[in-house]
Each structure stands twice: as C-alpha cells, then as structure tokens.
Amino acid sequence: MKLATWNVNSLVARMPRLLDLLEQHQPDVLFMQETKAEPAAFPLLELEASGYRAVHHSSGRWAGVALLARGEVVEVRAGLPGEPSPDEARWVEADVDGLRVVSVYVPNGRAPDSPFYEDKLRFLDAMVARVGELSSRPLVVAGDFNVCPTDLDVYDPEAFIGATHVTPPERQRFQALLDAGTVDAFRELHPGEPGFTWWDYRQGHFHRDKGLRIDVLLLSQPLARELIDCGIDRSFRKGARPSDHAPLLCVLTR
C-alpha cells in the first residue's frame, strides 16, 4: 500500500502536477494540504476521472485539506475537536481500506510573540488529544506540521534561533504526538538524513538545499511495523510551477 502527502500550495495552480503525481506514483491514499479551493470549486469530477475519490475540507483562498483514495472513503469528519479556528479548514479524517487517515495543515504560527503562535500551540494540543483517541487503531496522520522536530530537520539551526517551527514548546508537542502512540515514518527509516520537504522560493534555496523537514507522516505503532519504504520525490519541487513543498511517499506491506 502506498501513501503520499503533499502540500500543493494551491490546487488550481498545481492541478497538472497533481495529475502527474497520481499517474506516476499511483498512491492508494494521497493527503493534500493548502488546497486553497472554494468548497464548490473543488475538482471532484476531474479527480474521479483519474480514478480517485476525494473528500475535502475547504475554506477558500487560505488553507484547505483533502484526502484522495482509490478505495471507499467513509466515516468522514471535517475539523479537529478543540482547534482554535475551526473555519480555517485544517483537518479532515476518514476511513479508507481499514485505516483511519487524517490530512492536517498545522498553523504556521508566524512569530513566537504573536497570538498566532499561541493558536498554533493550541492546535497542536488538540492534535495530541485526538491522536491519543485514535492511535489504538491503524492510523495515519500526514501533512504539513510546520514543526522541525530536531535540529537535523533544519538546514541551519542558528539561522532559526528565535523563530517559529523550532521552539521548545512546538517540539515538545511533536514529541507528545509520538508519545500518544505514533511513529515518524521518515525518521524511522532514515535516522541520520535531513529529509527536507520544504524550500523557500527565494534566493535559490532549493538548489542550495537550504530546506526544512516540516511535512510528516505519522503511523500508529502497530501499523509502523508494516513500513517498508519512505522517501521524498524532489522532482515535484522542480519544473513548471512547482509547489514549495516536495511530496513524501511511504509504502506499507498491506
């Protein structure tokens, strides 16, 4: 079974690349973030023509998350209990092929001294609570976490001192997600590799590999025993109209 997560940074802008990804990798489930689509304009029929059922939680020009699957998608739930701004469309979950799957787009937080940062911590707290409720099941939580779990996940830790994504409270909450019964799939198989998934569009950061690892795929602990491969397809950060994120792909034995 193949899983993929990708922050597309606008579904309209990235639709041709998305169809390329579906054809090239043929994931059984694709987790998408920052779809930035109006609810009525989400391309359900176009995706269905490509062989995928889609469910989405959309709010217009900002945020937005979605799940695409080849199989049946049931028991859909949009929104995260306890999140500070439910109208921002940052969480959607469903049952697919015996898995509970969740696509999530954690708030950026902007700056540690801002109210947006406090909302980010509240969102992460709500995530920890919900993951704790679900982790006894075969569970996948994937998306843009906007947290670099350790200094290995940052191209230059000193350049990020005092910035979001790397603060102790954010990292403590990421660890709490693991403690709630999950495994970081990429880090499980690549303990010493940075594995960057995001590069700023400016100043040639991608070509200089000045990136961050903020896109994550968490597996509940029993499901993690089925993990056989996990990697990043950097080719989707290149070429025509790329997202600033590269997709993360994992393979399970099931």
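**Note on the sheet and the aromatic pairs**

1. Val74 has Asp95 in β6 as its bridge partner. β5 and β6 (residues 91-96) pair in the antiparallel sense over four bridges, where pairing requires at least two DSSP bridges between two strands and strands are DSSP runs of E with at least two residues, helices runs of H or I with at least four, numbered from the N terminus.

2. The model is predicted, with local features needing pLDDT of at least 70 and side-chain atom pairs counting only at pLDDT 80 or more, while totals for chains, interfaces and linings use all residues. Residues are numbered from 1 along each chain as its sequence is written, and side-chain values use heavy atoms, leaving out hydrogens and water.

3. The open sheet of six strands runs in the order β5-β6-β7-β8-β12-β9, with mixed pairing; its edge strands, β5 (73-78) and β9 (182-184), each pair on one side only.

4. Among the aromatic pairs (Phe, Tyr and Trp rings, the six-membered one for Trp, with centres within 6.5 Å; planes under 30 degrees apart are stacked, over 60 edge-to-face, the rest tilted), the rings of Trp6 and Phe236 are edge-to-face because their centres are 5.7 Å apart and their planes at 70 degrees. Trp6 lies in strand β1 (residues 2-7) and Phe236 in the loop between β13 (227-232) and β14 (248-252), so the pair ties together parts 230 residues apart in sequence.

5. Trp199 and Phe206 form another edge-to-face aromatic pair, at 4.9 Å centre to centre and 90 degrees between the planes.
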